[in-house]
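This report describes a strand pairing and a set of charged side-chain contacts. The sequence and model are shown below.

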Amino acid sequence: FLSVTEDLVRRRAEHNNCEIFSLEEISLHQQEIEKLEYLDKWCRDLKILYLQNNLIPKIENVGKLKKLEYLNVALNNIERIENLEGCEELKKLDLTANFIGELSSIEALKCNIHLKELFLVGNPCTEFEGYRQFVVATLHQLKCLDSKEIERSERIQALQNYPEVKQKIREQEQAYLLKRAREKEEAQRRMQERKDKKQNQMEAQLGFDSPDSLQNKENHQAEGDREQETWRTVEDDEEDRRFWEEPTPYTPESRLETHRYIEKKRRAKDNMRESKKREKPLQTLVTAEGKVLNVNVPKLHFSLKDDEENNQIILDLAVYRHLDTSLLDVDVQPTYIRVLVKGKPFQLVLPEEVKPDSSSAKRSQTTGHLVVSMPKVCKII
């Protein structure tokens with residue numbers, strides 16, 4: 001799983017010259033964070049903390065942020081409100097679209113006497129009968145719940161009905177927690193099924209690779225690779241279709257499973273891209289018969305001039321002006337010249353034989369081009 005790293009915090013603290021100890025505001029939204037830690041050690045002065053749209057299952061390790069005024073953990077996998085007692089200055093808490101069904105856990109916020117705004121919209125607990133009355137009666141300091149101001153008359157009425165509403169909430173909460181326990185079991189079962197299926201597929205694949213089939217594969221390697229790639233694509237498409245069409249409840253487990261699945265697909269794609277890069281055939285510079293080829297992999301403009309006056313051939317290769325000379329490698333041979341530009345070969349067959357030992361290469365002061373002077377072997381008569 002991904003947790004908050006010092007490197008991530010420093011990168012997100014550009015507005016504070018990447019200093020984290022004096023940081024007052026930080027945005028760590030959409031970072032695929034699955035565990036909340038270290039922030040209360042590194043950033044004691046935090047006043048505003050954005051953590052929305054991650055995969056955080058639990059509010060933790062923020063209790064020592066005594067100056068924290070606004071915490072946004074919307075769109076995460078949080079199931080109960082806890083560990084915020086130490087946030088003495090907390091004024092605004094956004095828990096929109098989480099999985100809070102344990103509504104009685106809001107009682108933990110009684111300690112946060114400065115808390116004025118609370119957002120719970122999009123949580124299962126908001127579906128409970130008496131939800132708003134219970135919150136209004138429990139948290140006397142609140143001024144606004146789910147963007148709606150709490151009137152004095154509303155609070156008086158909520159306090160009058162409190163014992164009755166509290167009992168109702170407890171009953172609904174228990175029913176919800178039983179449902180969640182079943183969902184967790186179901187998610188565990190599905191995960192185990194997938195593991196078993198994968199294991200069976202791997203075993204079947206290993207069984208398929210008998211010595212005969214391996215011999216066959218060697219004989220038809222290129223064709224086999226192409227077939228395997230097509231087969232893999234078809235299988236991936238089928239797996240994709242099955243995964244996205246399978247009806248699943250919206251739970252912290254399914255949200256995490258979806259994220260893991262997308263991440264697995266992305267990694268597989270990256271690996272395939274990498275292996276394709278590695279598999280690129282090497283550029284042929286000299287044929288099997290020994291014929292030297294003209295090659296221009298870096299796609300550079302050039303000119304080859306016959307300087308009869310000085311009895312030499314001059315190559316002007318238009319390398320980029322700001323390219324470091326250490327990234328150029330020049331090799332002059334009697335009948336051809338080869339220049340590696342950032343590892344990419346440029347090769348040219350020469351019209352006449354030259355003297356490699358007397359050749360010289362330099363960068364043009366004006367254009368930055370590479371200029372190679374190659375004296376001819378035949379003297380002018």
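Helices (H or I, at least four residues) and strands (E, at least two) are DSSP runs, numbered from the N terminus, and two strands pair if DSSP finds at least two bridges between them. The model is predicted: local features need pLDDT of at least 70, side-chain atom pairs count only at pLDDT 80 or more, and totals for chains, interfaces and linings use all residues. Residues are numbered from 1 along each chain as its sequence is written, and side-chain values use heavy atoms, without hydrogens and water.

Valine 339 stands opposite phenylalanine 346 in strand 13. Strand 12 (residues 336–341) and strand 13 (residues 344–349) run antiparallel and are joined by six bridges. Both belong to an open, antiparallel sheet of four strands in the order 8-13-12-11. Its edge strands, each pairing on one side only, are strand 8 (295–296) and strand 11 (328–332).

A salt bridge is a side-chain nitrogen of Lys or Arg within 4 Å of a carboxyl oxygen of Asp or Glu; by this rule the count is 24. Among them are these pairs:

| Pair | N to O distance |
|---|---|
| Aspartate 45 – lysine 67 | 3.0 Å |
| Arginine 80 – glutamate 82 | 3.1 Å |
| Arginine 170 – glutamate 107 | 3.8 Å |

Arginine 170 lies in helix 5 (residues 162–208) and glutamate 107 in the loop between strand 4 (92–94) and strand 5 (117–119), so this pair ties together parts 63 residues apart in sequence. A network of salt bridges links Glu79, Lys179, Arg180, Glu183 and Glu253.
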